[in-house]
Amino acid sequence: MVTPTPQSRYVEGTEGAPPLPPPGGYRAGRGGPRRAPATPVAGSEPPAAPAAKAARAPRPRASLAAKIILGVAIAHALGLAAYVWFGRGSSYFLSLNAVVLQLVVLAAVIVVLLSARGRRLGTIALVITLLLNTATLGGVRAVVAAQTGDYSDFKSSDQRYWEAYPGLRDVPASELLSQPSMESLRERSTAIMADLRERISAEFGVTWVRSGDEGQRNKRNGYGGESMAVDWTSETWSTVEPFRNLEDKRRLMALVSEVFVSHGFRYPVALNTGGGVFTPDILTKMFGAAEPENQHSWSTYSEYPGSNLGFYVDIDDLSRDPTGQFRAEREALAERYGKPLEGITLMGRAWSVLSEERLPEFRAAMENYRSS
């Protein structure tokens with residue numbers, strides 16, 4: 001028996017060729033036995049092709065409820081957007097009805113989402129509701145109002161009704177109408193001021209300069225709006241020269257009292273003495289000291305009976321300002337308004353008065369509140 005050598009495993013005539021695979025083949029290339037394709041038998045039908053992949057199940061049609069809720073969500077969002085766009089009825093955003101309606105819409109959308117036939121449209125409705133709702137659009141409207149400073153659209157009709165009230169809260173209209181008009185008080189104030197300037201100049205030889213213009217400001221009516229009544233301030237007159245002598249101050253106050261009484265005013269009250277009303281601490285805070293001889297300011301006040309007209313005569317004396325605080329205040333006023341630093345100042349004021357020009361308008365406007 002011949003033992004095969006490695007060289008004998010090669011086929012003759014194929015020297016240098018790779019060795020033959022081992023019996024059974026290489027492990028990595030080993031596979032299952034291949035079957036020869038079946039030969040169709042004569043007269044038999046060919047094998048059927050593999051069945052096509054099953055078609056995807058059709059998507060369920062949206063339910064009528066989902067369509068309705070989507071329409072409601074869109075309509076609600078558009079309504080809120082209209083409030084923001086046109087700027088009317090913004091008070092709706094702050095009402096309980098707005099919150100309740102928004103919660104109802106949101107609840108309906110969530111219910112629709114639980115149904116397979118409403119999930120697609122419900123998702124769209126949910127996105128709209130989350131983007132355009134009472135909170136987001138109300139916030140946008142609030143930002144717009146803050147930028148413009150106009151919050152009237154956030155007020156209810158009742159608030160706007162009382163905001164237009166022409167009178168003053170808790171003040172009867174008859175009381176306003178019984179007061180002298182602003183024009184008549186101006187005339188009375190002008191007359192007494194002219195007499196005071198003339199008498200003081202003749203007595204003390206001072207000269208005068210107008211240190212402030214006449215002005216008026218509408219009163220707040222107590223309901224968030226402006227009344228037709230006004231606070232009025234007369235022209236202000238001041239002396240050019242300082243007025244510091246203590247005896248001259250006392251003579252001046254006596255002369256002022258005489259002029260006030262001659263014009264039908266009440267006997268004046270020296271505010272810087274307290275008049276039984278102000279404590280020493282308050283006097284020191286207002287006038288620099290509790291004793292008149294040490295005060296940097298004297299002030300006397302009188303009213304015209306049956307009216308809201310009051311008249312002031314003040315004396316400012318910087319020589320009696322040891323701390324310098326009052327001087328700093330006067331210098332600020334002088335820089336801003338051109339007022340003299342010290343001397344005598346005359347000024348009239350009237351509170352809550354009506355102008356003759358607006359009396360017909362006031363009476364007509366009050367007719368809307370007769371039954372209120």
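I looked up Asp317 to begin with: at 0% relative accessibility it counts as buried (buried means under 20% relative accessible area, exposed over 50%, partly exposed in between, with a 1.4 Å probe and protein chains only). The model is predicted, so local features need pLDDT of at least 70 and side-chain atom pairs count only at pLDDT 80 or more, while totals for chains, interfaces and linings use all residues. Residues are numbered from 1 along each chain as its sequence is written, and side-chain values use heavy atoms, with hydrogens and water left out.

I found Asp317 in the loop between strand 7 and helix 10. Helices (H or I, at least four residues) and strands (E, at least two) are DSSP runs, numbered from the N terminus.

Which side chains make polar contacts with that of Asp317? I noted Lys249 at 3.0 Å and Ser319 at 2.5 Å. A polar contact is a pair of N or O atoms within 3.5 Å; within protein, one must be able to donate a hydrogen and the other to accept it, and residues adjacent in sequence count only if both atoms are side-chain atoms.

Leaving out residues up to four places away in sequence, I listed Phe243, Arg244, Lys249, His296 and Glu342 as touching Asp317 (contact means heavy atoms within 4.5 Å).

I went on to Glu342, which sits in the loop between helix 10 (325–337) and strand 8. Glu342 is buried, with a relative accessible area of 10%. Its side chain makes a polar contact of 2.4 Å with the side chain of Arg244. Beyond four places in sequence, the contacts of Glu342 include Thr239, Pro242, Asp316 and Asp317.

**Entry: the cores**

How many residues does the largest nonpolar core have? I read 30, and those with the most contacts inside it are Leu196, Ile200, Leu252, Phe311, Val313, Ile344 and Leu346. Helix 7 (182–204), strand 3 (226–233), helix 8 (246–262), strand 7 (309–316) and strand 8 (343–353) each supply at least two of its residues. Helix 7 gives the most, with 7 residues. A nonpolar core is a set of buried Ala, Val, Leu, Ile, Met, Phe, Trp, Tyr and Cys residues joined through side-chain atoms within 4.5 Å.

I also noted a second, separate core of 11 residues, with Tyr165, Ala173, Ala229 and Met366 among them. For Ile344, the contacts beyond four places in sequence include Ile200, Trp208, Phe243, Leu252 and Val313.

**Entry: two positive phi values**

Most residues other than glycine have a negative phi. I found a positive phi of about 65° at Asp170, which is not a glycine. Asp170 lies in the loop between helix 5 (157–163) and helix 6 (173–178). Is Asp170 buried or exposed? It is exposed, with a relative accessible area of 75%.

Ser352, also not a glycine, has a positive phi near 55°. Ser352 is in strand 8 and is buried, at 12% relative accessible area.

**Entry: the whole chain**

I counted 11 helices and 8 strands in the protein chain. Of its 372 residues, 33% count as buried. Among contacts between residues at least 6 apart in sequence, 71% join residues at least 24 apart.
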